[in-house]
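Reader: Please take one part of this model and go through it closely. I would like the surface patch first, then the sheet and the charged pairs.

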Amino acid sequence: MEDYFERILNLAWQLRQHLTQFIENVFGCIDWIPQRHEVQFSACYGGSLPDTERYVHGQSSALSISNTTQELSISSTTEEQSAQRISEITIFRNGVSEICRRSYASWSSYILHGYRLGQRLALHVRGLCSLFVNEINTKLTRSLHRFWTTLQGSSEDIGWLQRTQMSLYSVDGTSRFHELLHDVRNGIHYLPNTLVYLLIPGLFSNHSPLYFLNTKRFFSKMGLTCHIAKIHSEASVEKNARELKLYIEELYWGSGKQVLLLGHSKGGVDAAAALSLYWSELKGKVAGLALVQSPYGGTPVASDILREGQIADRETRRIMELIVCKLIKGDMRALEDLTYDRRKDFISRHMLPVDELPIVSFHTEASTAPTVLATLTRIAQAELLPMLAVAPLPRFVSEYAESLLSSLKLPVVMPVSAAMAATALHLRLRYGESSDGLVTRRDAEVPGSVVVRPERRLDHAWLVLSTLSRRRAEADATQVCEALLAMLVEIGGKRRRCLIEEIVA
């Protein structure tokens, strides 16, 4: 823009200089001044008129015809005066004609130059207007694209895995799951002691001490070897996959038993990545994998937050970087790896060995009833003993009071279920998809796996964090986890029997 304005100013300055030169040339072409009926012409006329000049200045003229002829005098005074007037008129007319010719030539050249200058000025103005219009059009197009990208969101990405991998048909294991869950609730347990059970927590689990804690205690009471994977849940998927690979090998070589994996949320994605990347090294060491409410295909929540090209994308990313990197001390790649673009890229390069390993996919739908808003979820607990200063008492009394206070713990609660219900309602209204609040049901199914689709309304945090209100008539989270692992054991046993029959046949 500034270059165009500078060019216009230069053209205007050149026009001013040419006009000034034109005026000086016009007034400088005429160099005759009337003095006592005398006329003078400047040398710019290109020639001299000696006889005429002598006549104009009053000198007598004589014509020499030749040296051999006689000098002849003028016949009469009248003819002499007429000749003089004709000569004066002719000279004046020729001078005026020359002046007009030169003036016309100067005028025409300057008019042509001014026309060209005006044409250039008009072209530059047109270019400036075109540049301005193009800039407005570009900004308007970009704004409309941002608006459309924001409005469209993840509507074309949800369920992409089922559309691209239709050759891998999933098996519905919901009915068998309910049978196993019924037996577990009635005290019939199917989990053998010949396996090591590894629970893999999801995103932000490092800030929730109760994550999978009840399930681990429940399995330990049954005499099962159960561990919670000690990984940095806010790290990237590939980094956690490497750590899980080392953790599985350590458990396998330490106990001599195969490891059965159960991953929740991002933990399931991390476990699947470990098997996809290092299956050649983990084959024979892992007995199965259960993905519980895991965004294996991605999640619209992460994609809508981090999508580039939408309205306020940079501001939203800076806010998330402040929360994840500064406050939680995590890695932004942990959230980026759950977007649809990252999941598409990873799955296209690293396939999960569904044909060689028993895999179960479990997903639910969160309740959006108004009663959920009053539900509180316990995310931690605080001991009362360090908070209370007990007065000096006798020894036996103080020991009894200390043991009593140590058993009392204050629960730390948050309205997690209410937040999940709000996001589930948002995803249903915007995309028409059922979800547990963070993961849609279609994105939680692994193609080629055994899929469990319970009708019970459970949010994303129910399986790993307990609520204050418990319903004895329904199964709790520990029983659900046991039934899922029992299904994995059963599927693995069937595969081994089929393999043995094929070998024998």
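Author: In this predicted model, a nonpolar patch on the surface is formed by F147, W148, L151 and I311, which together have about 450 Å² of accessible area. I311 sits in the loop between α10 (300-306) and α11 (313-327). With a relative accessible area of 48%, I311 is partly exposed.

Next, the sheet. Seven strands make up an open sheet with parallel pairing, in the order β1-β9-β6-β5-β4-β2-β3. Its edge strands, β1 (171-172) and β3 (225-228), each pair on one side only. Within the sheet, β5 (residues 286-292) and β6 (residues 359-362) are paired in the parallel sense over four bridges, and V292 stands opposite F362 in β6. Helix α7 (residues 237-255) packs on the sheet and touches β2 (195-200), β3, β4 (258-264) and β5; the direction of α7 makes about 160 degrees with that of β2. Helix α8 (residues 266-277) also packs on the sheet, touching β2, β4 and β5, and its direction makes about 140 degrees with that of β4.

Helix α7 also holds a charged pair: K245 and E249, four residues apart in that helix, about one turn, meet through their side chains in a salt bridge (3.4 Å, N to O). Both K245 and E249 are buried.

Another salt bridge joins R428 and E365 (3.2 Å, N to O). R428 is in helix α15 (residues 416-431) and E365 is in the loop between β6 and β7 (377-383), so this pair ties together parts that are 63 residues apart in sequence. R428 is partly exposed at 32% relative accessibility, whereas E365 is buried at 12% relative accessible area.

How values were computed:
Residues numbered from 1 in each chain as written. Predicted model: local features only at pLDDT ≥ 70, side-chain atom pairs only at ≥ 80, totals over all residues. Heavy atoms only, no water. Patch = residues over 30% accessible without salt bridge, like charges linked within 9 Å, V, L, I, M, F, W, Y side chains within 5 Å. Areas by Shrake-Rupley, 256 points an atom, 1.4 Å probe, with all protein chains shown as cover. Helix = DSSP H or I, 4+ residues; strand = E, 2+ residues; numbered from the N terminus. Buried < 20%, exposed > 50% of the residue type's maximum accessible area, 1.4 Å probe, protein only. Pairing = 2+ DSSP bridges. Contact = heavy atoms within 4.5 Å. Axes fitted to C-alpha atoms, helices over the stretch in contact; angles between N-to-C directions.
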